[in-house]
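Here is a short briefing for a reader who is new to this structure. Start with the picture, then work through the topics below.

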Amino acid sequence: MNTSIELPSGKILNVARFIALLPASDSDNSSYQLILEGYPHPINLELSDAQSLKKFLELEKDNTDSTNQSGWDREKQLLKNQRAMELLAKLIEQNKNMSDTESLQRQKFFEEFKKTVDEQRLPGQKLYSES
């Protein structure tokens, strides 16, 4: 996503930090105040800048809406994932037919793996053990 926009007044704005666009306190609505994350004071914008920013934000909203679930096609996704589903089915079948000795070997390996990982982490940041 392009997060920078050049406004008609020549100001360049990083919209990734956008929080709010508010009409100024005067009643003629000819100026706006832009509030950005991490900036201590609102930025005064002219009407043309505010309108341009509004249009940009609407376009971004439309772009994100089109990639959301509303445009998701289940059948198309299943076709796309067909190869991965076949591989997963093979792995499941192999694990069902695994011998007891191989299962125990894998279990021991995983226990050693957990121990090794936790030994490398600081106290209070262990993944598999309490200490």
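Buried means under 20% relative accessible area, exposed means over 50%, and partly exposed lies in between. By that cut-off Lys114 counts as buried, because its relative accessibility is 19%. The model shown is predicted. The protein has 4 helices and 5 strands.

**Overall layout**

- From the N terminus on, the order of elements is β-β-β-β-β-α-α-α-α.
- The protein has 131 residues, and buried residues make up 15% of them.
- Take the contacts with a separation of 6 or more: residues 24 or more positions apart account for 25% of them.

- Strand β4 covers residues 31-36, and strand β5 covers residues 43-46.
- The two strands pair in the antiparallel sense, over 4 bridges.
- Leu34 stands opposite Ile43, which belongs to β5.
- Between β4 and β5 lie 6 residues, and the strands form a hairpin.
- Gly38 sits in the turn and has a positive phi of about 80°.

**Salt bridges**

- Side chains of opposite charge can pair when their charged atoms come close.
- How many salt bridges does the structure hold? The count is 5, and three of them, including the Arg17 pair, follow here.
- Arg17 forms a salt bridge with Glu37, with the closest N and O atoms 3.9 Å apart.
- This pair links distant parts of the chain, 20 residues apart. Arg17 lies in the loop between β2 (12-14) and β3 (18-23). Glu37 lies in the loop between β4 and β5.
- Arg17 has a relative accessible area of 41%, so Arg17 is partly exposed. Glu37 is also partly exposed, at 44% relative accessibility.
- Arg74 forms a salt bridge with Glu75, and the closest N and O atoms are 3.9 Å apart.
- Arg74 is exposed, because its relative accessible area is 51%. Glu75 counts as partly exposed, at 49% relative accessibility.
- Arg83 and Glu86 meet through their side chains in a salt bridge of 3.9 Å, N to O.
- Why are Arg83 and Glu86 separated by about one helical turn? They are 3 residues apart in helix α3, which spans residues 82-96.
- Arg83 is exposed, with a relative accessible area of 51%. Glu86 is partly exposed, at 39%.

**Helix α4 and the segment after it**

- Lys114 is found in helix α4, which covers residues 100-119.
- The side chains of Lys114 and Glu111 are joined by a polar contact of 3.2 Å.
- Phe109 is in helix α4 as well. Is Phe109 buried or exposed? With a relative accessible area of 60%, Phe109 is exposed.
- Arg121 has its place in the segment after α4. Arg121 is partly exposed, with a relative accessible area of 33%.
- Which residues does Arg121 touch, not counting residues up to four places away in sequence? Arg121 touches Lys126 and Leu127.

**A nonpolar surface patch**

- Phe109, Phe110, Phe113, Leu127 and Tyr128 form a nonpolar patch on the surface.
- Together these residues have about 540 Å² of accessible area.
- Leu127, one of the patch residues, is also touched by Arg121.

Key: Residues are numbered from 1 along each chain as its sequence is written. This is a predicted model: local features need pLDDT of at least 70, side-chain atom pairs count only at pLDDT 80 or more; totals for chains, interfaces and linings use all residues. Side-chain values use heavy atoms; hydrogens and water are left out. Two strands pair if DSSP finds at least two bridges between them. Buried means under 20% relative accessible area, exposed over 50%, partly exposed in between (1.4 Å probe, protein chains only). A polar contact is a pair of N or O atoms within 3.5 Å; within protein, one must be able to donate a hydrogen and the other to accept it, and residues adjacent in sequence count only if both atoms are side-chain atoms. Contact means heavy atoms within 4.5 Å. Patches are made of residues with over 30% relative accessible area and no salt bridge: like charges are joined within 9 Å, nonpolar side chains (Val, Leu, Ile, Met, Phe, Trp, Tyr) within 5 Å. Accessible areas come from the Shrake-Rupley method with a 1.4 Å probe; for residues, only the protein chains shown count as cover. A salt bridge is a side-chain nitrogen of Lys or Arg within 4 Å of a carboxyl oxygen of Asp or Glu.
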